[in-house]
Amino acid sequence: TDNVIAAVVNVDIEGPRISRHVYGHFAEHLGRCIYGGFYVGEDSDIPNEGGIRLDVVEALRALDIPNLRWPGGCFADEYHWMDGIGPKDERPVMVNTHWGGVEENNHFGTHEFMALCELLGTEPYISGNVGSGTVREMSEWVEYLTRDGDSPMARLRKANGRQEPWKVRFWGLGNETWGCGGNMTAEHYAQEARRYGTYCRDYGDNKLYKIAAGASDFNYDWTEQLMKQLGHLGCQRVNSSFYHALSVHYYTIAGTWANKGSATVFDTDEYYATMVKAARTDELLTGHSNVMDCYDPHKTVGLVLDEWGTWWDVEPGTNPGFLYQQNTLRDALVASVHFDIFHRHADRLVMANIAQTLNVLQAMILTDPDSKALVLTPTYHVFQMNKGHQDAASLRVDVRGGLPTREVGDATLETVSVSASRKDGRVLLSLSNLDADAAADVEIELRGGALSEVESRILTAGALQDHNTPESPESVAPRAHNGFSIEGDTLRVHLPAHSFVTVTGTVSG
Ligand code: AHR
């Protein structure tokens with residue numbers, strides 16, 4: 001029997017704006033994300049511009065990627081940016097100790113990254129080295145990138161072929177400084193973040209938005225220590241000049257870190273366990289936001305979910321240090337549930353970056369090393385179907401009588417997830433049915449305006465394990481959905497089992 005859900009959406013009552021940056025991306029020097037992914041080198045027979053693979057760029061442009069975080073991850077705290085500028089054959093080689101112990105020839109450096117951002121039409125987000133770098137090194141990187149006029153680093157940039165400074169807003173002060181980024185305590189790192197933040201200067205009209213390296217998962221104490229360093233309790237506004245935001249990392253795994261399970265071979269119990277983990281993102285963001293509210297009730301400091309997504313065992317036969325995994329309909333539903341949660345936290349969440357864009361963890365695109373074919377994953381399609389939420393006003397979805405639930409171990413999982421937003425006179429609704437077997441029917445009373453020119457799309461497949469390969473690139477791909485009706489102010493949407501559906505319409509009245 002189908003689950004039946006009744007809800008109300010007031011299309012004329014706009015909530016907080018959903019930052020487009022919650023659709024952000026992350027690309028690390030890890031496995032085949034940069035080398036053999038984005039960057040194939042100028043001599044490659046794959047069409048490229050300056051070594052950057054053009055079919056990848058074209059596919060990603062369709063997602064309107066708002067920002068790209070680089071060069072790590074754990075790699076960021078071992079990266080010395082000066083090794084990655086100047087003639088490529090003179091750049092020093094290093095060992096990428098975190099990820100496979102492979103050699104890094106530094107051919108993809110600052111100029112190549114900025115060129116990639118320009119091709120993608122996206123904002124750069126640079127993650128600086130706190131763990132093994134120096135304050136001077138980071139400060140000079142900012143100067144190199146953003147300072148106009150005459151100065152040592154501006155001259156060096158010009159000597160390397162770039163006259164104009166770039167615009168760089170997002171700047172990370174280290175990564176996972178509780179772990180791979182230096183194994184610091186929260187108290188110690190909070191002081192370091194103030195120190196590093198002090199010397200990352202604004203040049204001309206380039207205004208940095210500095211992001212302190214935040215907690216892992218539910219470590220609220222870490223967030224508290226960082227907030228304490230920004231100001232005082234109470235109504236006094238925090239002084240966020242050292243850093244403007246703090247981050248948190250949260251990955252969805254079904255098993256344990258030692259045994260995360262396969263990306264494609266899993267049973268229904270593992271599927272539901274995965275969805276429970278994904279849904280806990282709501283608890284995570286609520287918990288960190290609550291701590292921040294105690295210090296910053298005016299919400300001037302941003303929360304950034306710097307890394308999120310599924311993390312499975314690597315594909316059999318691939319380098320364990322390369323984190324290459326397939327991507328099924330299950331991953332797509334993990335993504336759609338995250339986005340609903342992000343939309344509900346629009347008042348505090350300023351950015352979220354999926355880990356990672358290409359060939360690593362929950363990727364949008366997989367490139368085949370042999371055939372050079374490019375495959376769009378089910379997760380890619382969720383980003384594409386949902387992109388209308390970027391910078392839209394969030395709309396509340398009030399459910400009458402609650403959502404259908406299922407007991408999963410000790411947890412209760414809501415098996416339907418919905419969010420809505422409004423932008424440029426259009427409403428966009430996203431609906432996920434997480435039930436592996438039962439369909440759901442959602443009946444939404446639309447108040448404050450009628451919908452016309454309604455269109456709907458669906459992403460589903462015969463099985464949760466279905467995924468795309470070079471031989472079968474469209475096993476999981478969106479198609480038009482005719483399982484909806486609109487009668488007066490009532491929108492009815494049919495959600496088959498394990499499906500993701502979007503509905504858009506023009507608001508009048
Ligand atoms: O995304 C892979 C790794 O996960 C990142 O390098 C690190 O920050 C996190 O532990």
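Predicted model: local features only at pLDDT ≥ 70, side-chain atom pairs only at ≥ 80, totals over all residues.

User: OK, which residue is the bridge partner of glutamate 443 in E26?
Analyst: That's arginine 492.

User: And in what sense do E22 and E26 pair, parallel or antiparallel?
Analyst: Antiparallel, over six bridges, with E22 covering residues 440–447 and E26 covering 490–495.

User: What's the strand order in the sheet they belong to?
Analyst: E17-E1-E22-E26-E25, an open sheet of five strands with mixed pairing. E17 (398–400) and E25 (484–487) each have a single partner strand, so one side of each has no neighbour in the sheet. On average, neighbouring strands are turned by 25° against each other, direction ignored.

User: Switching topic: which residues surround the ligand?
Analyst: Among them are Glu28, Cys74, Asn175, Glu176, His249 and Glu307. By class, the shell has five polar, three charged and three nonpolar residues.

User: What domain does UniProt place at 306–499?
Analyst: The unreviewed entry lists "Alpha-L-arabinofuranosidase C-terminal" there. In the model, that stretch is 41% strand and 12% helix, with its end C-alpha atoms 27 Å apart.

User: Last one, where is proline 470 found?
Analyst: In the loop between E23 (450–460) and E24 (479–480). Proline 470 counts as partly exposed because it has 14 C-beta neighbours inside 10 Å.

User: What is proline 470 in contact with, leaving aside neighbours within four places in sequence?
Analyst: Asp368, Ser371, Ala373 and Val375. Its C-alpha is also 9.2 Å from that of leucine 366, which is 104 residues away along the chain.

Methods: Residues numbered from 1 in each chain as written. Pairing = 2+ DSSP bridges. Helix = DSSP H or I, 4+ residues; strand = E, 2+ residues; numbered from the N terminus. Axes fitted to C-alpha atoms, helices over the stretch in contact; angles between N-to-C directions. Near = placed C-beta within 6 Å. Nonpolar A, V, L, I, M, F, W, Y, C, P; charged D, E, K, R; others polar. UniProt positions renumbered as here; feature names shortened; annotations may be inferred. Buried ≥ 20, exposed ≤ 12 C-beta atoms within 10 Å, placed from the backbone. Contact = placed C-beta atoms within 7 Å.
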